[in-house]
Amino acid sequence: MRCISLLEEMVLVMKLLLLTCLWPTAVLHSSQSQHHHLHHRQQFSFLRKHNSKREIKMRKIDSTKVRPLKSEQLLRIEDHDFALRPGFGVPNSTPSSSLALEQGSCHCCPNCNARSPIPVGIDVQVESIDSISEVDMDFTMTLYLRHYWKDERLSFHSNKNRSMTFDGRLIKKIWVPDVFFVHSKRSFIHDTTVENVMLRVYPDGNVLFSLRITVSAMCFMDFSRFPLDTQNCSLELESYAYNEDDLMLYWKHGNKSLSTDEHISLSQFFIEEFSASSGLAFYSSTGWYNRLFINFALRRHIFFFVLQSYFPAMLMVMLSWVSFWIDRRAVPARVSLGITTVLTMSTIMTGVSASMPQVSYIKAVDVYLWISFLFVFLSVIEYAAVNYLTTIEERKQLKKRGKASGMYSIDAVQAMAFDGCFHDTDVDMDLTAFSDRCEENETRARAASVSNVDTTRIKRKRSLKGSMGRIILQNNHVIDTYSRIIFPSVYIVFNFFYWGLYI
């Protein structure tokens with residue numbers, strides 16, 4: 001028994017010694033293990049914080065990934081591809097869109113095939129016609145353009161069946177008709193105070209797209225009757241990319257689709273009528289396209305041109321007739337009057353041509369002004385003829401009285417040029433006696449003229465067989481007498497035919 005107890009004590013002592021040796025190692029290992037776990041926890045916590053900061057930073061940088069707006073969620077814009085027109089690629093099992101067009105409905109049926117065109121209704125309200133330019137052959141118009149179509153991809157649920165109205169920001173995310181103005185030079189959408197664009201979507205998918213536009217377009221004008229003309233202009237609308245197989249443009253309410261402001265007025269034109277029409281346009285590379293026309297007729301006001309062109313031309317022609325009543329010997333007066341009227345007519349014609357395009361045909365105002373210019377010019381030519389025949393007659397009279405030989409002296413010719421009167425041809429003629437001799441010559445010439453007039457009248461009463469040439473040679477002032485009657489009579493007849501033809 002004693003040996004067993006001794007053995008147990010020795011085993012206990014050895015365990016104590018072993019425990020004493022292993023205890024520091026265990027404590028060290030335990031501390032190292034705790035430190036390792038703590039290091040891992042700290043590292044994991046750091047990584048989590050770093051990743052969260054990184055995610056926040058990435059979210060701030062990637063600003064394109066935004067949540068859709070409530071309107072876009074309601075319309076399910078992200079669920080559809082709006083690069084395609086409505087109804088594209090859907091099999092056909094219902095009547096074609098032409099029947100829908102005849103019924104006046106503005107929708108695209110969901111079962112139309114891929115080649116069934118989508119009907120797009122148009123109506124226009126013309127706000128104003130800002131300007132008409134004859135030189136550039138164009139006009140500027142401000143209008144409200146409204147499009148109507150149906151896109152079932154935009155349909156939404158509404159308990160009260162109310163529509164939703166949006167501004168221009170949503171238009172860039174959905175499909176809209178690509179209508180443009182044919183023959184337009186300039187156009188823009190008004191943007192004061194915001195862009196004048198409106199989009200209205202109904203629960204069943206019907207869409208109204210309205211915008212306010214100012215457009216300058218060409219107008220092919222005919223000036224052959226200017227300024228007594230009437231111009232017919234048109235503004236043409238057409239789809240740019242979709243031909244008649246994909247898009248069908250039509251007037252939404254027929255002839256009532258075009259309305260105008262009651263207070264539209266122009267300074268030079270009276271707007272006779274507005275009308276709407278439609279047709280087709282063919283392009284060799286892309287096919288046939290539907291085209292809508294806004295037609296309007298402009299009749300020009302004539303009163304402005306009467307004051308600026310016609311009335312001054314009439315006055316110049318009548319002023320040229322005054323020279324027929326001035327003494328034929330008053331050379332400076334009659335020549336000055338003739339040249340003045342000719343230059344004034346040239347100024348009037350230049351002013352009219354400066355405000356008109358350089359066309360290759362004759363205008364109505366050109367006919368009137370050129371004929372008026374011809375009357376003024378002929379009045380100058382008439383006095384040249386009278387003066388020439390008067391000179392010949394006076395020379396003959398001087399020869400008959402024996403006061404003139406075959407040649408005139410230089411002094412006599414100079415005196416004639418000085419005061420417009422013929423003089424005797426004495427070699428020792430004193431220039432200081434010009435006035436006395438001129439008075440004598442005038443008295444003799446007038447006496448001879450009166451005797452010739454009486455002789456001519458007697459001969460005319462006795463016989464009408466005398467030629468007009470002999471009368472002019474014997475009594476040349478008869479040209480002025482006949483001109484006083486012929487010129488006004490012919491001009492009045494011309495005005496009668498001119499205004500009767502163009503009005």
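**Stop one: a pair of helices**

Select α4 and α6 together: their crossing is left-handed, meaning that the near helix is turned anticlockwise from the far one by less than a right angle. Before going on, note that this is a predicted model, where local features need pLDDT of at least 70 and side-chain atom pairs count only at pLDDT 80 or more, while totals for chains, interfaces and linings use all residues. Residues are numbered from 1 along each chain as its sequence is written, and side-chain values use heavy atoms, with hydrogens and water left out.

Back to the pair. α4 and α6 pack at about 15°, and their axes are 9 Å apart; axes here are lines fitted to C-alpha atoms, for helices over the stretch in contact, with angles running from 0 to 180 degrees between N-to-C directions. That makes α4 roughly parallel to α6, a label for angles under 35 degrees. Now show side chains: S309, Y310, A313, M314, M316, V317 and S320 of α4 meet A364, V365, Y368, L369, S372, F375, V376 and S379 of α6. Contact means heavy atoms within 4.5 Å. Helices are DSSP runs of H or I with at least four residues, strands are E runs of at least two, and both are numbered from the N terminus.

**Stop two: α5**

Next, pick residues 331–354. This is α5, with 24 residues, and from first C-alpha to last it reaches 35 Å, close to the 34 Å expected at 1.5 Å a residue; the expected span is 1.5 Å times one less than the number of residues. Its buried residues include R334, G338, M345 and V352, where buried means under 20% relative accessible area with a 1.4 Å probe, protein chains only. Among the elements covering them are α4 (303–320), α6 (364–400) and α10 (478–502).

**Stop three: β9**

Jump to residues 247–251. Five of the five residues of β9 are buried, so this strand is largely enclosed by the rest of the structure. L247, L249 and W251 lie on one side, M248 and Y250 on the other. Strands count as paired if DSSP finds at least two bridges between them.

**Last stop: an open sheet**

Which strands form the open sheet, and in what order? Four of them, β4-β8-β12-β11, with antiparallel pairing. β4 (179–182) and β11 (269–283) stand at the edges with a single partner strand each, so one side of each has no neighbour in the sheet. Neighbouring strands are turned by 25° against each other on average, direction ignored. Finish by zooming in on β4 and β8 (residues 230–239), which pair over four bridges; F181 stands opposite L237 there.

Note on methods
Buried means under 20% relative accessible area, exposed over 50%, partly exposed in between (1.4 Å probe, protein chains only). Angles under 35 degrees count as roughly parallel, over 145 as roughly antiparallel, 65 to 115 as roughly perpendicular and the rest as oblique.
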